[in-house]
Amino acid sequence: MNEFDIKRYIDISDFLSTLLGPDYEIILYDLKHIIYIINGDISGRQTGDMLSTTMKTLLQNKESADKKWISNYRALSANGKILRCSTFYIKDEKGKPVGALNINFDDNRYRELSNLVFSLCHPDNYVSKNISIEIKGNDEQAVFSENISNTIDEVLKRIDKSLPFSKLSHSEKLDIIRQLYQKGIFSMKGAIKTVGHKLSCSPASMYRYLETVKNEL
């Protein structure tokens, strides 16, 4: 892709960002790295970062040559956010993908706002105990994960515990699993096994913890 093409898509990125606002991350890729990014704090990426596993999968997929874009799929960012994503394929004159323009939407602020709205019409802690907005899977849409183990590590780093995770009490492990569940981590393939390994919990224990968390909602 030549310099003129890159400049054109950078201008389009700026235009889209002006229209969509701060909850939308706009990323322009070539086949190797990020050329340009707006609101990169949403996923924790920046200009110059190498192509993610998700984008490699999308750009190298044989089906991409026959598509103009793919819209409204879910992706797990490296900092633990589940985003609604859409990818527009940038192709050369022969129809071969040479890059992509991504729009990633972070709906966390809106889910928090919805809880605040519910709290206006329900008393005390009724909302936290009885109303929940939960991320559910969709068989028709793929869920892409950059690296589930790295993402879980990133979330665990933000949890202030002085003891090794393997030595935490039942209630402390339950609290960690509750936080991971609220972030949608367990909608990712392999998450239960990975978290269980890091917390020294058997698969049976993990399922009991998750059942407890689900019953709280």
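**Close-up views of a predicted model**

View 1. Serine 17 counts as buried because its relative accessible area is 16% (buried is under 20%, exposed over 50% and partly exposed in between, with a 1.4 Å probe and protein chains only). This is a predicted model, where local features need pLDDT of at least 70 and side-chain atom pairs pLDDT 80 or more, while totals for chains, interfaces and linings use all residues. Residues are numbered from 1 along each chain as its sequence is written, and side-chain values use heavy atoms, with hydrogens and water left out. Leaving aside residues up to four places away in sequence, Serine 17 touches Ile26, Ile38 and Asn39 (contact means heavy atoms within 4.5 Å).

**View 2. Asparagine 39, in the loop between strand S2 and helix H2.** Here we look at one of the partners of Serine 17, Asn39. Its loop runs from S2 (34-38) to H2 (53-60). Asparagine 39 isn't a glycine, yet its phi is positive, at about 60°. Most residues other than glycine have a negative phi. With a relative accessible area of 22%, Asparagine 39 is partly exposed.

**View 3. The largest nonpolar core, with 20 residues.** Such a core is a set of buried Ala, Val, Leu, Ile, Met, Phe, Trp, Tyr and Cys residues joined through side-chain atoms within 4.5 Å. Ile177, Leu180, Ile185, Phe186, Val195, Leu199 and Met206 have the most contacts inside this one. At least two core residues come from each of helix H6 (170-182), helix H7 (191-199) and helix H8 (203-216). H6 gives the largest share, five residues. Methionine 206 touches Ile177, Phe186, Ile192, Val195, Gly196 and Cys201, again not counting residues up to four places away in sequence. Another core, of 15 residues, lies apart from the largest one and includes Tyr29, Met55, Cys85 and Ala100.

**View 4. H6 crossing H8 at roughly 65°.** The two axes come within 10 Å (axes are lines fitted to C-alpha atoms, for helices over the stretch in contact, and angles run from 0 to 180 degrees between N-to-C directions). That angle is why H6 counts as roughly perpendicular to H8 (65 to 115 degrees; under 35 is roughly parallel, over 145 roughly antiparallel and the rest oblique). On the H6 side, the contact involves His170, Lys173, Leu174, Ile177, Arg178 and Tyr181. H8 answers with Met206, Tyr209, Leu210, Thr212, Val213, Lys214 and Glu216.

**View 5. H7 against H8, with axes within 9 Å.** These axes cross at roughly 105°, so H7 and H8 are roughly perpendicular to each other. Ile192, Val195 and Gly196 of H7 meet Met206, Tyr207 and Leu210 of H8. As for burial, the H7 residues are Ala191, Thr194, Val195, Gly196 and Leu199.

**View 6. Serine 200, in the loop between H7 and H8.**

**View 7. The whole chain, for orientation.** The protein chain has eight helices and six strands, in the order α-β-β-α-β-β-β-α-α-β-α-α-α-α along the sequence. Of its 217 residues, 41% are buried.

Definitions and conventions:
Helix = DSSP H or I, 4+ residues; strand = E, 2+ residues; numbered from the N terminus.
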